[in-house]
Amino acid sequence: MSVSEADVKSALSQIVDPNTGKDLVSGKSARNIRVDGADISVDVELGYPAKSQIDPIRREVIAKLRALPGAGNVSANVYQKIVAHSVQRGVKTLPNVKNIIAIASGKGGVGKSTTAVNLALALAAEGASVGMLDADIYGPSQPTMLGITGRPESRDGKTLEPMTGHGIQASSIGFMIDPDTPMVWRGPMVTQALEQLLRDTNWRDLDYLLVDMPPGTGDIHLTLAQKIPVTGAVIVTTPQDIALLDARKGLKMFEKVGIPILGIVENMAIHVCSNCGHAEHIFGQGGGERMAKEYDVEYLGGLPLDIRIREQADSGRPTVVADPDGEVAAIYRKIARRIAVRIAEKARDMSLKFPSIVVQNT
């Protein structure tokens, strides 16, 4: 009994990618199906960072195809391919940066910066090239969280080389000022500084650039919306009603300026006592999920109120690198994969493929 391409497609349609929730055929992951007599080969393309997912998916594909009657040798090439996706209309894309993700919150104190750095490290751990832009000009915290000291280099006197911490490229005003120096700047100076940090940093072939936004909906947010090519935004909140009120304002601001919301992350969702193990919802329960349902956006996940998360970030070794096999790091990686999947489902950016039209007198 010979194996046909239809048989192979039927088998692959029964394999669901746990990260996208779609089977490999309808999700258009299965490519280049080849049947040579009894031998079968197939490529499986994943549009998100998938270092920890490649082997499990490959094993499942091979097992499924080997079970086909008459199947001989089976080979499956599972790989990731991250491409640039569409941004706001009228905003030019950035060289060497495929996708920009804004990590935002309506108010301070909800753990946005800690969430941002751990999501960046989680994407990198899954095999992506990742950068971090610290857009909180008044209170830059990424240099401390990434454990980076010193000043950035400039090879041409005009642009800056990104600093590196734990494999993450980073740019921050915090690299250029003393930690105790207050930034007493008006709005125009702040927005100009943000644009310079973004455009005058020599980012090196980034799949994702995460932007750690300041709290609120002020000048920096408007600059981001009008001049910076943003693929999508992630809203960080706590379950507390006061935090959710401000998170809603942040979400609506991004909607108004045409930046899609990739999802909501609920920080400090539950506290488990390190002594007795008692679990308690200190800041309320289910607020982030209710907000996601209300605005028809994805609830990406919830993180615990855990002293280790704070201690690890303060020490310059955030949770994803300090305890990579721990339960909290696994939550960050799962959320990061969902964000990447949401981006992969967006329309691709085709602007670089269109030819330039030049009018000449002949």
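**View 1. The structure holds one cavity of 30 Å³ or more.** The model is predicted: local features need pLDDT of at least 70, side-chain atom pairs count only at pLDDT 80 or more, and totals for chains, interfaces and linings use all residues. Residues are numbered from 1 along each chain as its sequence is written, and side-chain values use heavy atoms, with hydrogens and water left out. A cavity is a set of points, on a 1 Å grid over the protein atoms alone, where a 1.4 Å probe fits but cannot get out. Grid points are joined across faces, edges and corners, and a volume is the space filled by probe spheres set on the points. The largest cavity holds about 50 Å³ of space. Its lining consists of His85, Val87, Thr93, Leu94, Val97, Lys98, Asn99, Ile100, Pro229 and Thr231. Lining residues have an atom within 4 Å of a point. Five of these residues are nonpolar, four polar and one charged. Here Ala, Val, Leu, Ile, Met, Phe, Trp, Tyr, Cys and Pro count as nonpolar, Asp, Glu, Lys and Arg as charged, and the others, Gly among them, as polar.

**View 2. The largest pocket holds about 450 Å³ of space.** A pocket is an open set of grid points with protein on both sides within 12 Å along at least five of seven lines. The lining has 22 residues. Gly27, Lys28, Ser29, Gly47 and Ala344 lie nearest the centre of the pocket. Strand β2 (39-46) and helix α11 (327-344) each supply at least two lining residues. Helices (H or I, at least four residues) and strands (E, at least two) are DSSP runs, numbered from the N terminus. By class, the pocket lining has six nonpolar, six polar and 10 charged residues.

**View 3. Lysine 28 sits in the loop between α1 (5-12) and β1 (30-36).** Phi of lysine 28 is positive, near 60 degrees, in a residue other than glycine. Lysine 28 is exposed, at 64% relative accessibility. Buried means under 20% relative accessible area, exposed over 50%, and partly exposed in between (1.4 Å probe, protein chains only). Lysine 28 is also one of the residues nearest the centre of the largest pocket.

**View 4. Strands β1 and β2 pair in the antiparallel sense over five bridges.** Two strands pair if DSSP finds at least two bridges between them. Arginine 34 has serine 41 in β2 as its bridge partner. The hairpin of β1 and β2 has two residues between the strands. In this hairpin, glycine 37 takes a positive phi near 70 degrees. Asparagine 32 lies in β1. Its phi is positive too, near 50 degrees. Asparagine 32 is partly exposed, at 45% relative accessibility.

**View 5. Helix α3 (residues 112-125) is largely enclosed by the rest of the structure, because 12 of its 14 residues are buried.** The buried residues are Lys112, Ser113, Thr114, Thr115, Ala116, Val117, Asn118, Leu119, Ala120, Leu121, Ala122 and Leu123. From first C-alpha to last, α3 reaches 20 Å, close to the 20 Å expected at 1.5 Å a residue. The expected span is 1.5 Å times one less than the number of residues. Glycine 127 follows α3, with a positive phi near 105 degrees.

**View 6. Strand β5 (residues 130-134) is largely enclosed by the rest of the structure, because five of its five residues are buried.** Val130, Met132 and Asp134 point one way. Gly131 and Leu133 point the other way. β5 pairs in the parallel sense with strand β8 (residues 206-212) over five bridges. In that pairing, glycine 131 stands opposite leucine 209. β5 also runs parallel to strand β7 (residues 168-172), joined by four bridges. There, aspartate 134 has serine 172 as its bridge partner.

**View 7. Lysine 346 lies in the segment after α11.** Lysine 346 is buried, with a relative accessible area of 19%. Its side chain reaches the backbone oxygen of threonine 231 at 3.5 Å. Threonine 231 is one of the residues that line the largest cavity.

**View 8. Proline 188 lies in helix α5 (residues 187-199).** This proline is exposed, with a relative accessible area of 61%. Proline 188 and isoleucine 220 are 32 residues apart in sequence. C-alpha to C-alpha, proline 188 and isoleucine 220 are 9.1 Å apart in space.

Conventions
Polar contact = N/O pair within 3.5 Å; in protein donor to acceptor, adjacent residues only side chain to side chain.
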